[in-house]
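Hi everyone, thanks for coming.

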Amino acid sequence: TRPNLTYEFLGITKVWRWTKERMQKAYEAGQIIQPRPGAVPRYKRYLDEQRGKPIGDVWTDIFPLNSQARERLGYPTQKPEELLERIIHLSTKEGDVVMDPFAGCGTAIAAAQKLGRGWIGIDITHLSIALQKYRLRDMFDLKPGTDYEVIGEPKDTGGARELARDDRYQFQWWALSLIEAKPVGGDSGSKTGRKGADRGIDGVINFVESGGKAGRVLVQVKSGKVSSRDIRDLKGAVEREQAALGVFITLENPTREMETEAVSAGFYESATWGRFPKMQLLTIEALLSGTTVKMPRSAGTFKTAERIKSPKDTQPGLPGLTP
């Protein structure tokens, strides 16, 4: 028994741990509660005031991405965004710069952008860089050349020719990214590609007609000499695969015979979207100038990253993406 700590508080008389003055101050601060009348008052603990349990180096509370995950974009080595957010949050502070030299589909740079960090993303393939650009656009409405810089992509036909000479698969993937066509065949994490099951088709764009009917646009890319035979081959592939349209992307200017062959294919008639040339020739020069494929509205050939609800709360990233 300690007389200086024995007193009545909230109707209960006993030996308390604190003096009456300290008890009263704690009660007024919301740190003392009485569960019910007549019950012994208790000390109220707030989680944000506790030291907590230090996080270990084995994290089992963040699960790998499964096939149904909303954030899954289809990239083979994609990591959970929550994982990268935790790593960046623990190791950096707002305004720091995060660099990912194996950026893949851009999870690290997306997490850095969300947390108000600057970022630099680097990857070996133009397909990877394209996926990162789509992700930054879909999540944060960021545009290359305005909100961040892309280093290493062709800016004109001269750069396109150089890329085609250095690596034809990287040229192919870069050209497909200009119209957001998904490559057919090859590994998104590899420098090399291959012709897919569609036999000669390099890329595809999906769209949806009325009633939910799926449609496809087949894409072929050529960086060398071209002729009307290439257009006939693409027409044959479109018919064989029962696709709606064919798009031929060429680094060289098409010949008059190629244009005549394309026009002879006629039109694709869509009850929902209207009329479109069935066979379209697009040069790299035209695509770099803003020309687009004339087709029904795309249904999202690539899975769209979930948009951040409050983009104003995020800050622009620092330079930029480097293939």
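Let me start with a definition: a nonpolar core is a set of buried Ala, Val, Leu, Ile, Met, Phe, Trp, Tyr and Cys residues joined through side-chain atoms within 4.5 Å. Buried means under 20% relative accessible area, exposed means over 50%, and partly exposed is in between, with a 1.4 Å probe and protein chains only. Keep in mind that this is a predicted model: local features need pLDDT of at least 70, side-chain atom pairs count only at pLDDT 80 or more, and totals for chains, interfaces and linings use all residues. Residues are numbered from 1 along each chain as its sequence is written, and side-chain values use heavy atoms, with hydrogens and water left out.

Okay, the overall picture. The protein chain has nine helices and 14 strands; these are DSSP runs numbered from the N terminus, H or I of at least four residues for helices and E of at least two for strands. Of the 323 residues in the protein chain, 44% are buried. The accessible surface of the protein chain is about 18,700 Å², and 50% of that belongs to carbon and sulfur atoms; the areas come from the Shrake-Rupley method with a 1.4 Å probe, and for residues only the protein chains shown count as cover. Now contacts, meaning heavy atoms within 4.5 Å. Among those in the protein chain with a separation of 6 or more, 58% are between residues 24 or more positions apart.

So, which residues have the most contacts inside the largest nonpolar core? They're Phe 171, Ile 179, Val 219, Val 247, Ile 249 and Ile 284, in a core of 28 residues. Helices H5 (157-166), H6 (168-177) and H9 (284-288) each give two or more residues to this core, and so do strands E8 (203-208), E9 (214-222) and E10 (245-250). H6 gives the most, with five residues. Take Ile 179 as an example: leaving aside neighbours within four places in sequence, Ile 179 is in contact with Ile 205, Val 219, Val 247, Ile 249, Leu 287 and Val 293. Apart from that core lies another one, of 16 residues, including Val 98, Ala 110, Phe 140 and Tyr 148. As general background, nonpolar side chains tend to be buried together in soluble globular proteins.

Next, helix H4. Its 15 residues, 126-140, should span 21 Å at 1.5 Å a residue, and the end C-alpha atoms are 21 Å apart, so the two agree. The expected span here is 1.5 Å times one less than the number of residues. H4 is mostly covered, with 14 of its 15 residues buried. Packing against H4, strand E5 (97-100) and helix H3 (107-114) are the buried residues of H2. In H2 (residues 81-91), those buried residues are Glu 81, Leu 84, Arg 86 and Ile 88.

Gly 106 is in the loop between E5 and H3. Buried or exposed, what is Gly 106? It's buried, with a relative accessible area of 2%. Not counting residues up to four places away in sequence, Gly 106 touches Gln 132 and Arg 135.

Asp 141 sits in the loop between H4 and H5 and is partly exposed at 38% relative accessible area. Glu 180 isn't a glycine either, and its phi is positive too, near 55°. You'll find Glu 180 in the loop between H6 and strand E7 (182-183). For context, most residues other than glycine have a negative phi.

Last topic: rings. How many aromatic pairs does the structure hold? Seven. Rings of Phe, Tyr and Trp (its six-membered ring) pair if their centres lie within 6.5 Å; planes under 30 degrees apart are stacked, over 60 edge-to-face, and the rest tilted. Phe 9 and Trp 16 have ring centres 6.3 Å apart and planes at 75°, so that pair is edge-to-face. Phe 9 also pairs edge-to-face with Tyr 27, at 5.8 Å centre to centre and 85° between the planes. Phe 9 is in strand E1 (residues 6-9) and Tyr 27 in helix H1 (residues 20-28), so this pair ties together parts 18 residues apart in sequence. Phe 9 is buried at 4%, whereas Tyr 27 is partly exposed at 37%. Ring pairs link Tyr 7, Phe 9, Trp 16 and Tyr 27 into a cluster.
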